[in-house]
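This briefing is meant for a reader who has not seen this structure before. Please look over the sequence and the model, then read the points below.

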Amino acid sequence: MFTGMEMTEKGVAAMADFSREVRSIIGMDVPLAADHFGHIGLNSCIRLGKALEKHNMAWREDMIPWQYGDLIKKISDAVDIPILTGEDIYLEDIYLKEDFLKLARMHAVDTVHPDLATSGGLFETKRIGDLCQEEGVSMAMHFAGTPVSFMANVHCAAATENFIALEHHSVDVPWWEDLVNGHKPLFDKGFAKVPDAPGLGVTLNDEVVKQHLVEGEQYFAPTTDWDKDRSNGRLWS
């Protein structure tokens with residue numbers, strides 16, 4: 001973002017062609033969104049957005065760091081594609097509902113994108129959705145984790161009126177659902193049912209979890225990994 005890197009006309013055209021090819025395959029009935037654009041300048045974010053408008057994208061995610069709401073709003077005002085951000089607003093930095101609400105109130109984003117595991121848990125994430133709804137902003141949810149976290153997201157999503165979509169990264173991991181017992185399947189054809197069993201509706205399958213531990217790790221072994229602040233974090237994904 002602040003490296004002075006800008007996209008060339010050829011680069012913008014290449015990304016637009018890639019999006020056009022994906023759209024030609026999935027058709028217009030399937031939502032198409034984009035993420036991970038790299039550290040490009042504000043002007044490139046706008047030029048690329050204008051080139052992608054014709055492909056009717058659901059949103060563009062994390063164009064620039066979420067802290068720069070006024071700059072995000074410049075992109076949002078200039079391009080007719082919804083803007084989404086929020087997965088990097090971390091609980092560890094004590095960024096809870098307040099920063100999501102700040103972006104919503106200035107109408108810098110069309111959709112907020114909290115990660116329930118780092119945004120404050122089920123109740124705080126629901127509050128984020130409810131408060132942003134009052135500002136006319138919807139909520140998608142970032143998720144890349146275990147089936148336990150997945151089901152926590154499902155319960156929160158079902159209780160939040162302005163929820164529109166839950167991210168999921170493990171559709172091609174054959175043993176992922178086997179990490180838990182109980183409510184199955186966890187999702188089917190892009191949809192997840194909310195269980196009515198106690199708690200989250202699932203319990204850990206200890207044996208399967210142990211089969212997939214990192215080599216050398218012990219099951220629920222004590223750790224000091226979280227006793228110190230990390231210094232290698234990024235402003236945004």
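What follows is a set of notes, grouped by topic.

The model is predicted. Its largest nonpolar core has 39 residues, and a second, separate core has 11 residues. Two helix pairs are described, α4 with α6 and α1 with α2.

**Nonpolar cores**

- In soluble globular proteins, nonpolar side chains tend to be buried together.
- Within the largest core, of 39 residues, the ones with the most contacts are Ile-72, Ile-75, Val-109, Val-112 and Cys-132.
- At least two residues of this core come from each of α1 (9–26), α2 (42–52), α3 (69–78), α4 (97–105), α6 (121–133), β5 (138–141) and α7 (147–158).
- The element that gives the most to this core is α2, with 6 residues.
- Apart from residues up to four places away in sequence, Cys-132 touches Phe-100, Leu-101, Ala-104, Val-112, Val-137 and Asn-162.
- The second core is separate and contains 11 residues, including Val-154, Val-180, Val-202 and Val-209.

**Helix packing**

- Two packed helices are described by the angle between their axes and the distance between the axes.
- For α4 and α6, the angle is about 20 degrees and the axes are 9 Å apart.
- Angles under 35 degrees count as roughly parallel, so α4 and α6 are roughly parallel to each other.
- The crossing of α4 with α6 is right-handed.
- On the α4 side, Lys-97, Phe-100, Leu-101 and Ala-104 make the contact.
- For α1 and α2, the axes come within 9 Å and cross at roughly 35 degrees.
- The crossing of α1 and α2 is right-handed.
- In this pair, α1 makes the contact through Val-12, Met-15, Ala-16 and Ser-19, and α2 through Arg-47, Leu-48, Ala-51 and Leu-52.

**His-55**

- His-55 sits in the loop between α2 and β2 (59–61).
- Its relative accessibility is 6%, so His-55 counts as buried, the cut-off being under 20%.
- A polar atom of the His-55 side chain lies 3.2 Å from the backbone oxygen of Ala-16.
- Setting aside neighbours within four places in sequence, His-55 is in contact with Ala-16, Ser-19, Arg-20 and Arg-23.

**Ile-46**

- Ile-46 belongs to helix α2.
- Ile-46 counts as buried because its relative accessibility is 17%.
- Neighbours within four places in sequence aside, Ile-46 is in contact with Lys-74, Ile-75, Ala-78 and Val-79.
- Ile-46 and Asn-162 are 116 residues apart along the chain, and their C-alpha atoms are separated by 27 Å.

**Phe-163**

- Phe-163 is in strand β6 (residues 163–166).
- With a relative accessible area of 25%, Phe-163 is partly exposed.
- Beyond its neighbours within four places in sequence, Phe-163 is in contact with Met-139, Met-141 and Ala-157.

**Backbone details**

- Most residues other than glycine have a negative phi, and most peptide bonds are trans.
- The peptide bond from Lys-184 to Pro-185 is cis, with omega near -10 degrees.
- Pro-185 is placed in the loop between β7 (180–182) and β8 (202–204).
- Lys-189 lies in the loop between β7 and β8, and its phi is near 55 degrees, a positive value in a residue other than glycine.
- Lys-189 has a relative accessibility of 75% and therefore counts as exposed.
- Asp-62 is found in the loop between β2 and α3, and its phi is near 50 degrees, a positive value in a residue other than glycine.
- Asp-62 has a relative accessibility of 3% and therefore counts as buried.

Key: Residues are numbered from 1 along each chain as its sequence is written. This is a predicted model: local features need pLDDT of at least 70, side-chain atom pairs count only at pLDDT 80 or more; totals for chains, interfaces and linings use all residues. Side-chain values use heavy atoms; hydrogens and water are left out. A nonpolar core is a set of buried Ala, Val, Leu, Ile, Met, Phe, Trp, Tyr and Cys residues joined through side-chain atoms within 4.5 Å. Buried means under 20% relative accessible area, exposed over 50%, partly exposed in between (1.4 Å probe, protein chains only). Helices (H or I, at least four residues) and strands (E, at least two) are DSSP runs, numbered from the N terminus. Contact means heavy atoms within 4.5 Å. A polar contact is a pair of N or O atoms within 3.5 Å; within protein, one must be able to donate a hydrogen and the other to accept it, and residues adjacent in sequence count only if both atoms are side-chain atoms. Axes are lines fitted to C-alpha atoms, for helices over the stretch in contact, and angles run from 0 to 180 degrees between N-to-C directions. Angles under 35 degrees count as roughly parallel, over 145 as roughly antiparallel, 65 to 115 as roughly perpendicular and the rest as oblique. A crossing is left-handed if the near helix is turned anticlockwise from the far one by less than a right angle, and right-handed if clockwise.
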